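I opened this entry to look through one chain.

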Amino acid sequence: MRASLIQLSVDASESAAERRLRAAFLVRDRAGDHLVALPELWVAGAWSYDR
């Protein structure tokens with residue numbers, strides 16, 4: 001089994017849509033892996049600091 005963890009950097013100049021697109025490309029790059037995990041903040045709204 002091959003697993004990957006993708007840790008995303010946060011840049012305030014990047015929109016949420018741009019971040020999602022960047023994350024999607026990073027996940028696609030790991031297409032041969034059995035498991036690809038994003039950081040624990042992804043589910044909690046990592047870029048929703050104003051909430």
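**Contacts, fold and charged pairs**

I started with the contacts across the chain. Of those with a separation of 6 or more, 67% are between residues 24 or more positions apart. I noted here that I am working from a predicted model.

Next I looked up the secondary structure. I found two helices and two strands. Reading along the sequence, I wrote the pattern down as β-α-β-α.

Then I checked burial and surface. The chain has 51 residues, and buried ones make up 18% of them.

I turned to charge. Side chains of opposite charge can pair when their charged atoms come close. How many salt bridges does the structure hold? I noted four.

**Glutamate 14**

I looked up glutamate 14 and its partners. Its side chain meets that of arginine 19 in a salt bridge, at 3.7 Å from N to O. A salt bridge also joins the side chains of glutamate 14 and arginine 22, with an N to O distance of 2.8 Å.

Is glutamate 14 buried or exposed? Its relative accessibility is 15%, so I logged it as buried. Arginine 19 is buried as well. Arginine 22 has a relative accessible area of 25%, so it goes down as partly exposed.

**Aspartate 33**

Where does aspartate 33 sit? I located it in the loop between helix H1 (16-29) and strand E2 (35-37).

I then looked at arginine 30. Its side chain and that of aspartate 33 meet in a salt bridge, 3.1 Å from N to O. Salt bridges with shared partners join Arg2, Arg30 and Asp33 into one network.

**Closing note**

Glutamate 14 is buried at 15% relative accessibility, and aspartate 33 is buried at 13%. Glutamate 14 pairs with arginine 19 and with arginine 22. Aspartate 33 belongs to the network with Arg2 and Arg30.

Notes:
Residues numbered from 1 in each chain as written. Predicted model: local features only at pLDDT ≥ 70, side-chain atom pairs only at ≥ 80, totals over all residues. Heavy atoms only, no water. Helix = DSSP H or I, 4+ residues; strand = E, 2+ residues; numbered from the N terminus. Buried < 20%, exposed > 50% of the residue type's maximum accessible area, 1.4 Å probe, protein only. Contact = heavy atoms within 4.5 Å.
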